[in-house]
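Q: Please examine the surface features of this model closely, with attention to its pockets and any nonpolar patch. A connected account would be appreciated.

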Amino acid sequence: QGLFVLAISSFETMLADNYQYFIRNVPGAFDFKSVPLQKDSLLDAATPAELIEEQVERHVVALSYERFTVFFGKVTKALGISQPDFGTDLLDRIIEAKETKNLLLHNNLRVNSIYIEKAGPAARAREAGGTLSLTRDYVDARLHDLGTLASEVMDRLRQTYANYTRLRALRELWSYLFTSPV
């Protein structure tokens, strides 16, 4: 059970951390129009950068509580990568695993209406009251699904941003400023 919770939580955290890191460094990828500013935030921030940092963090935390499809869609859109074409089966299984994790943490694996509503087409129970099992085969299969999706996201990030290195930036800056190759 611990490994299962750790794996799902680590995957969610990996996506959220990458998203937060990216929008910190590429603020243009962040939709500032949808961010409500609070009076305390404005008064407590010493610099505009601190204000932006706090709003980005609030946004990422709020987004992580959204449905996985919404969260994953916003992350891939902001990162400028396309969503993997696995069909919906893989994402459905990951959504169900995320809801199983929540059920394990909050209801001792007893099926409730929240699980039924959120688990989607891959739900392992359709009626409240029963108890889900957490077998080794199930955990192994979900770990494989998480690994598949994480690998695909990493590959897409590498393909998209392989040329975004400090060395390349310095060379382009040099070429822009000077005509001599030395």
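A: **Surface patch and pockets**

In this predicted model, Phe178 is partly exposed, because its relative accessible area is 42%, a value between the limits of 20% for buried and 50% for exposed. Phe178 is located in the segment that follows α8 (166-177). Together with Leu170, Leu173, Trp174, Tyr176 and Leu177, Phe178 makes a nonpolar surface patch of about 700 Å².

At least two lining residues are supplied by each of α1 (2-25), α4 (68-79), α5 (88-107) and α6 (113-118). Among the contributors, α5 provides the largest share, with eight residues. In terms of class, the lining of the largest pocket consists of eight nonpolar, eight polar and seven charged residues.

The second largest pocket holds about 410 Å³ of space. Its lining is formed by Asn18, Tyr21, Phe22, Asn25, Val26, Leu79, Leu157, Tyr161, Tyr164, Thr165 and Arg166. Two or more of these residues come from each of α1 and α7 (136-161). Here the largest share, four residues, belongs to α1, a helix that also supplies at least two residues to the lining of the largest pocket. By class, the lining of the second largest pocket has seven nonpolar residues, three polar residues and one charged residue.

Notes. Residues numbered from 1 in each chain as written. Predicted model: local features only at pLDDT ≥ 70, side-chain atom pairs only at ≥ 80, totals over all residues. Heavy atoms only, no water. Patch = residues over 30% accessible without salt bridge, like charges linked within 9 Å, V, L, I, M, F, W, Y side chains within 5 Å. Areas by Shrake-Rupley, 256 points an atom, 1.4 Å probe, with all protein chains shown as cover. Salt bridge = Lys/Arg side-chain N within 4 Å of Asp/Glu carboxyl O. Buried < 20%, exposed > 50% of the residue type's maximum accessible area, 1.4 Å probe, protein only. Nonpolar A, V, L, I, M, F, W, Y, C, P; charged D, E, K, R; others polar. 1 Å grid on protein atoms, 1.4 Å probe; cavity = no way out; pocket = protein on both sides within 12 Å on 5 of 7 lines; lining within 4 Å. Points joined across faces, edges and corners; volume = space filled by probe spheres on them.
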